[in-house]
Amino acid sequence: MDEKSGEYKVADMGLVEKGLEAIYIAQRKMPVTCSIIRDRFEREKPLQGIKIAGCLHITKETANLALTLQAGGAEVLLCGSNPLSTQDDVSAALVSHGVKVFAWHGNTQEEFYWCIRECLKHEPNILIDDGADLIVTAHKEFPELITSGKLLACQEETTTGVKRFKAMEKAGALKVPLFPVNDARCKNEFDNELGTGQGVISAIQGMHILMAGKTMVIAGYGHCSSGMALRARGLGAQVLVTEVDPIQALKAVFAGFRVVPMDEAVKEADVILTATGCKDVVAEKHFDSLKDGVILGNLGHFDVEIATRKLYDRASEVKPIRKDVEEITLPGGKKVYLLAQGRLANLVLTEGHPSEVMDMSFALQSLVSEFIVKKKNFRPGIIDVPEEIDSKVGALKLKSMGIIIDALTEEQFKYIHGYEEGT
Ligand SMILES: NC(=O)c1ccc[n+]([C@@H]2O[C@H](COP(=O)([O-])OP(=O)(O)OC[C@H]3O[C@@H](n4cnc5c(N)ncnc54)[C@H](O)[C@@H]3O)[C@@H](O)[C@H]2O)c1
C-alpha cells in the first residue's frame with residue numbers, strides 16, 4: 001500500500017503509467033466532459049476554491065470527471081463506492097495528478113468506511129455519491145459538516161442511492177440539498193440502459209460462454225435490466241424476464257420476452273443476471289432448483305440481490321477458479337459459478353460502463369457542480385437537475401458526434417404548447 005497521511009492511500013504508485021494510459025483512452029471517447037466542458041472550465045475556473053469529494057467507482061471515466069472538476073479549479077477527493085470496482089492503476093494515476101484518492105481494490109468493510117471518512121475530514125463543499133454511503137456517513141458521523149454551511153449541496157449518481165435519499169426525505173432525515181443526477185434524462189436513459197445493458201458481457205468475460213442458445217434470466221425490466229435483456233437477446237440467448245411491477249412486466253411481454261416468476265425461471269436458467277435494486281431476488285429457496293453449471297451475476301448496486309452469504313453458508317466447497325469467478329459446490333455435487341462475489345459484475349469483471357456513455361453522466365455531474373457553486377443557498381431536500389442542464393448535455397453530445405437536429409419554428413412551438421388549434 002502507498003500512502004501519505006491525509007493526502008492519499010492507494011494500492012501501488014508503481015501503476016501510474018498504466019493508469020494514465022487508461023485515462024487517455026477514455027478521454028478520447030468523452031468529448032463533452034473532457035474537451036468542451038474541460039476547456040471552458042480551464043478558462044473560466046468556475047469551481048475555484050471549492051472542495052469536491054466523490055464516492056464513485058474509480059474507473060478511467062471517473063478519473064476524467066475528477067480532472068475536469070480539477071480543471072475548473074476544484075480540489076478533488078475520491079473514495080471508491082464499491083470495494084471491488086476500484087481500478088488500482090487509475091487511482092495511482094489520479095494521485096500523480098494531485099487528486100486526493102483513498103481507495104484500493106478489495107478493501108474490507110472497515111477500510112471502505114475509513115476511506116469515506118478521510119474524504120469527509122477535508123470538509124468538502126460538494127459531495128458526489130454513488131449509492132448513498134458518503135452522504136449517509138456525513139449525516140451520521142459529521143453533523144457539523146452538514147450544519148456548518150460549508151456543504152453547499154450533494155449529487156447522487158445511481159438509482160439505489162436516489163431511492164435511499166427519497167426515503168430519507170420522506171422520514172425528514174435528509175438535511176442537505178440533493179441533486180438526483182441519476183434521474184436526469186441524459187443519465188438514466190443512456191448510462192443505465194446502454195452501459196449496464198452492455199454489462200451482460202461480464203457473464204461471457206467470466207466463463208467465456210457462447211451466449212447463443214443459452215437460456216438467460218434477467219431479473220427486472222427497469223432502466224438497466226431492460227437494456228440487459230435486449231443485449232442478451234441480440235447475442236442469441238433465449239431471454240426470460242422476472243418482474244414485480246405489472247407495467248414493467250407488460251413492457252417486457254410486449255417487447256417479446258417471456259415473463260415468468262423466479263421460482264420457474266431458475267429451473268431453466270443457464271445464466272441469471274440481476275439488476276433490480278432489491279434483495280434476495282435469487283433467494284435461498286431457489287438454490288435447490290438451480291441447474292448444474294449455472295452462472296449467477298448481479299449488476300445492481302449492492303451485493304444483496306443474490307443471497308450470496310446463504311450460498312457460501314450452504315456450499316460444501318468454494319473454489320476461486322479464475323479472477324472474480326468462484327465455483328461453488330453445493331451438497332450433492334451441483335456446481336454454481338458466482339461472478340464477483342455477487343457485486344456489480346460489469347464493474348468488477350469488465351471496466352464498467354463504456355466511456356462514450358459516461359461522457360454524458362459526468363458532463364451532468366460537472367455542470368451540476370458549476371450550478372451548485374453559482375446559485376448556492378439551496379434548501380435541504382431533493383432538487384431536480386434543471387432541464388436546461390439536461391438538454392445542454394444532450395445538445396453538446398450531439399454536437400460532438402456531428403449530428404444536427406431540427407429546431408421548432410415559432411409557430412410549431414406555439415402549437416405544441418397551446419390548445420387553440422384543434423379539429
Ligand atoms: N452496474 C452498474 O453499472 C449500474 C448502473 C446503473 C444502475 N445500477 C443499479 O442497478 C439497479 C437497478 O437500477 P435501474 O435504474 O434499472 O432501476 P429501475 O427502478 O429502473 O429498475 C428496477 C426494476 O427492477 C424491478 N424489481 C424490483 N424488485 C424486483 C424483484 N424482486 N424481482 C424482479 N424485479 C424486481 C422493478 O420493478 C423495476 O422495474 C440499482 O441498484 C442501480 O443502482 C447499476
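How do the residues of the shell around the ligand divide into nonpolar, polar and charged?

1. The shell around the ligand holds 10 nonpolar, 20 polar and 2 charged residues. Here Ala, Val, Leu, Ile, Met, Phe, Trp, Tyr, Cys and Pro count as nonpolar, Asp, Glu, Lys and Arg as charged, and the others, Gly among them, as polar.

2. This is a predicted model, in which local features need pLDDT of at least 70, side-chain atom pairs count only at pLDDT 80 or more, and totals for chains, interfaces and linings use all residues. Residues are numbered from 1 along each chain as its sequence is written.

3. Gly-220, Gly-222, Cys-224, Asp-245 and Cys-278 come nearest among the 32 residues around the ligand (a residue is near a molecule if its C-beta atom, placed from the backbone, lies within 6 Å of it). The shell lies between domain 1 (2–189 + 352–400) and domain 2 (200–348), because both give residues to it; the bounds come from an automatic or database domain assignment.

4. The chain has 18 helices and 17 strands, which are DSSP runs (helices H or I, at least four residues; strands E, at least two) numbered from the N terminus. Helix 8 (159–170), helix 9 (185–198), helix 11 (223–234) and helix 15 (345–348) each supply at least two residues of the shell around the ligand.

5. An open sheet of 8 strands runs in the order 11-10-9-12-13-16-15-14, with mixed pairing; two strands pair if DSSP finds at least two bridges between them. Strand 9 (residues 215–219) and strand 10 (residues 238–242) pair in the parallel sense over 5 bridges, and Thr-215 has Gln-238 in strand 10 as its bridge partner.
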